[in-house]
Amino acid sequence: MTKERPEFMGAHAVTITGFSLGLPNANPVGEYGFMLRSSKINEIYAHDDQIGPFARMIFDGETIEIDGEIHKSLRTSWRDKEDTGPIGSGRAIPHVLYIPLYHKVRIPYSTIHDNVNNLNTLIEVFRLAKKIHLTCSLDWDIYLTSVNSLKEEVFKSTLLEENKKLQCLLERMPRFIWRAIAMEGANPVLEFLFDATDIEQGPLMTCTIEYDDKIAAVMREVSKEMSLHPEYQSASIWPIIEYFSK
């Protein structure tokens with residue numbers, strides 16, 4: 001696409017190779033300001049056979065009108081259709097994103113997102129009521145990883161006490177894990193590990209990594225109370241409540 005004279009240049013496929021967390025703050029969503037670290041992404045890098053292995057594609061908020069329809073677009077390193085305009089005059093309209101996954105990864109990102117969103121609401125309510133001491137709302141980093149990568153990172157961590165490291169390293173875990181890390185500023189507070197190879201009706205929660213003992217203690221106390229109420233058993237947050245209540 002070209003921005004000055006929007007004209008369709010044809011479909012084109014690229015391979016995403018990286019991203020930049022260039023925005024200063026996460027974008028809060030919902031009543032209680034659910035903040036994902038991924039919302040700080042301002043650029044992605046792609047292997048584009050017309051440009052090179054690290055072609056930048058920038059989220060600058062520009063839209064393009066084609067055939068009466070408004071499309072969100074990204075600034076690229078392309079020129080216009082005649083290849084005479086300045087670099088960036090050719091823009092990209094995202095159409096489809098393919099993400100290859102191992103066939104035993106059965107739990108979708110949306111399930112973990114909803115669990116963590118509800119958990120964040122609970123924690124934020126306690127923070128505002130001063131039942132949990134947090135200096136600010138939590139940022140969340142959610143991503144898929146392997147058990148080997150996780151345990152290698154835990155082994156090298158300088159933030160965890162040795163007994164907590166050992167507990168995590170000896171824990172039996174599935175091959176693929178969803179990590180949901182709660183951050184207070186730049187510091188991790190709690191980490192929730194979900195079995196990515198489970199089924200959605202399963203327990204999901206594998207274990208937690210507790211960087212802040214006081215917050216973990218509050219979560220246990222609250223979960224024991226919530227587990228007594230049957231209505232929570234059908235809620236998406238139930239796997240977390242069930243885990244902490246035990």
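Which residue in E11 is the bridge partner of Ile 177? The bridge partner of Ile 177 is Asp 195. This is a predicted model, in which local features need pLDDT of at least 70, side-chain atom pairs count only at pLDDT 80 or more, and totals for chains, interfaces and linings use all residues. Residues are numbered from 1 along each chain as its sequence is written, and side-chain values use heavy atoms, with hydrogens and water left out. Helices (H or I, at least four residues) and strands (E, at least two) are DSSP runs, numbered from the N terminus.

**The sheet**

- Five strands make an open sheet, and their order is E2-E9-E10-E11-E12.
- The pairing in this sheet is mixed. Two strands pair if DSSP finds at least two bridges between them.
- Strands of a sheet pair through backbone hydrogen bonds, either parallel or antiparallel.
- Strand E2 (35-36) and E12 stand at the edges. Each has a single partner strand, so one side of each lacks a neighbour in the sheet.
- Strand E10 (residues 176-184) pairs with E11 in the antiparallel sense, over eight bridges.
- H1 lies across E2, E9, E10 and E11. The helix H1 runs at about 150° to E9.

**Helices H1 and H4**

- H1 packs with helix H4 (residues 213-226) at an angle of about 115°, and their axes are 12 Å apart. Axes are lines fitted to C-alpha atoms, for helices over the stretch in contact, and angles run from 0 to 180 degrees between N-to-C directions.
- That makes H1 roughly perpendicular to H4. Angles under 35 degrees count as roughly parallel, over 145 as roughly antiparallel, 65 to 115 as roughly perpendicular and the rest as oblique.
- The crossing of H1 and H4 is right-handed. A crossing is right-handed if the near helix is turned clockwise from the far one by less than a right angle, and left-handed if anticlockwise.
- From H1, Leu 119, Leu 122, Ile 123 and Phe 126 meet Met 219, Val 222 and Met 226 of H4. Contact means heavy atoms within 4.5 Å.
- By class, this contact of H1 with H4 has seven nonpolar, no polar and no charged residues. Ala, Val, Leu, Ile, Met, Phe, Trp, Tyr, Cys and Pro count as nonpolar, Asp, Glu, Lys and Arg as charged, and the others, Gly among them, as polar.

**Helices H2 and H3**

- The axes of helix H2 (residues 147-156) and helix H3 (residues 162-170) come within 9 Å and cross at roughly 165°.
- H2 and H3 are therefore roughly antiparallel to each other.
- Their crossing is left-handed.
- H2 brings Lys 151, Val 154, Phe 155 and Lys 156 to the contact, and H3 brings Lys 165, Cys 168 and Leu 169.
- The residues of the contact of H2 with H3 divide into four nonpolar, no polar and three charged.

**Single residues**

- Lys 130 has a positive phi of about 60°, although it is not a glycine. Lys 130 sits in the loop between helix H1 (109-128) and strand E9 (139-146).
- At 74% relative accessibility, Lys 130 counts as exposed. Buried means under 20% relative accessible area, exposed over 50%, and partly exposed in between (1.4 Å probe, protein chains only).
- Leu 204 has a positive phi of about 65° and is not a glycine. Its loop lies between strand E11 (187-195) and strand E12 (205-210).
- Leu 204 counts as buried, at 2% relative accessibility.
- Asn 117 lies in helix H1, and at 26% relative accessibility Asn 117 counts as partly exposed.
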